[in-house]
Amino acid sequence: MLLEQSITEEYQDQGYAVLPSLLNDTEVQTLRNEVDRLYEQPKEATRHHLNLYTSSNHFAKLARHPLIVEKLQQCIGLNIQLQHSKLAVKPQTPDTGAFGMHQDFAYYPHTNLDVCAVFIALDACTPENGCLYVVPGSHKWGLLNHHHEGVFAGCCMEKNTWNKHDEVALEMQSGDVSIHHGLCMHGSPVNRSGSPRRALVYSYRAADAYQMDGNIYPETGVQISGESSEFMRLDAGNYRLPIMLGSEHAETVARHQHGSLVD
Ligand SMILES: O=C(O)CCC(=O)C(=O)O
């Protein structure tokens, strides 16, 4: 994939695209230094530290990196907002840090499907250290069940929909970036390497995609390119709202639509 090529077709057909060498060595080193300055290494679970955008100017600047924005515009249009940003570090403790296969849209359903996530590798990502795996074409399946016994499980519960050999490893060098659609089935296995795997994840949406449920962060809705929209664009679909225990439900378009007599 050459940088100057459009990824629109690949994104629409496969639900993801990998962009080699999007960041240069200096940019990667600056971001690694920020990560190491601000965060402790996790011990066992993959740590997703949220609100990167507000925690450092370097991370805020990265949200609008011109090469990333250019590729985002090819996928979700010219008017783009941030949904959230996070650090995604796999622990160095061997055989820990698996993250189950899921569709991001299950966490934060929106009124339309122009929602995607950008994964930025700060270390080489390999099957050994728990790189992302994706199921090509899964973004066309609609939203699958991520609930167990009525509670949001964080991973897809319809595992018979695909086979292990359908999962494709996104091997990346540091500085490579991948973009995946909000319905692309993906996850990452344990880290067997003995070294941490550092990455950043920025989630974006089209400005006319309104969030129906899930967490809203301080940075949710920050305008990244183009303009905000007075119009709410709706895609037809049947989207289960995530019932997350211990999590405050946000004031989204799908919540709090009852009168004072209803519990
Ligand atoms: O950190 C990882 O390896 C998984 C990240 C992920 O799948 C996500 O944030 O949706």
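Modeller: One term to begin with: a residue is buried if 20 or more other C-beta atoms lie within 10 Å of its own. Also, this is a predicted model.
Biologist: OK. Is L200 buried or exposed?
Modeller: L200 is buried, because 23 other C-beta atoms lie within 10 Å.
Biologist: Where is L200 found?
Modeller: In strand 12, which covers residues 197-206.
Biologist: And what is L200 in contact with?
Modeller: Leaving aside neighbours within four places in sequence, L200 is in contact with L31, L52, L87, A88, I120 and L122.
Biologist: What does I120 touch, then?
Modeller: Not counting residues up to four places away in sequence, I120 touches L23, V177, A199 and L200.
Biologist: How many residues are in the largest nonpolar core?
Modeller: There are 61. Those with the most contacts inside this core include I120 and L200, along with V118, F119, A199 and Y204.
Biologist: Which strand gives the most to this core?
Modeller: Strand 5, residues 115-121, with 7 residues.
Biologist: Changing topic: which residues are buried in helix 5?
Modeller: Helix 5 spans residues 66-76, and I68, K71, L72, C75 and I76 are buried there. Seen down the helix axis, the buried residues of helix 5 fall within an arc of 115°, so they line one face.
Biologist: What do those buried residues pack against?
Modeller: Helix 1 and strands 1, 3, 5, 10 and 12.
Biologist: What follows helix 5?
Modeller: G77, with a positive phi near 95°.

Conventions:
Residues are numbered from 1 along each chain as its sequence is written. This is a predicted model: local features need pLDDT of at least 70, side-chain atom pairs count only at pLDDT 80 or more; totals for chains, interfaces and linings use all residues. Helices (H or I, at least four residues) and strands (E, at least two) are DSSP runs, numbered from the N terminus. A residue is buried if 20 or more other C-beta atoms lie within 10 Å of its own, exposed if 12 or fewer, and partly exposed in between; C-beta atoms are placed from the backbone. Two residues are in contact if their C-beta atoms, placed from the backbone, lie within 7 Å. A nonpolar core is a set of buried Ala, Val, Leu, Ile, Met, Phe, Trp, Tyr and Cys residues joined through C-beta atoms within 7 Å. The arc is that of the directions from the helix axis to the C-beta atoms.
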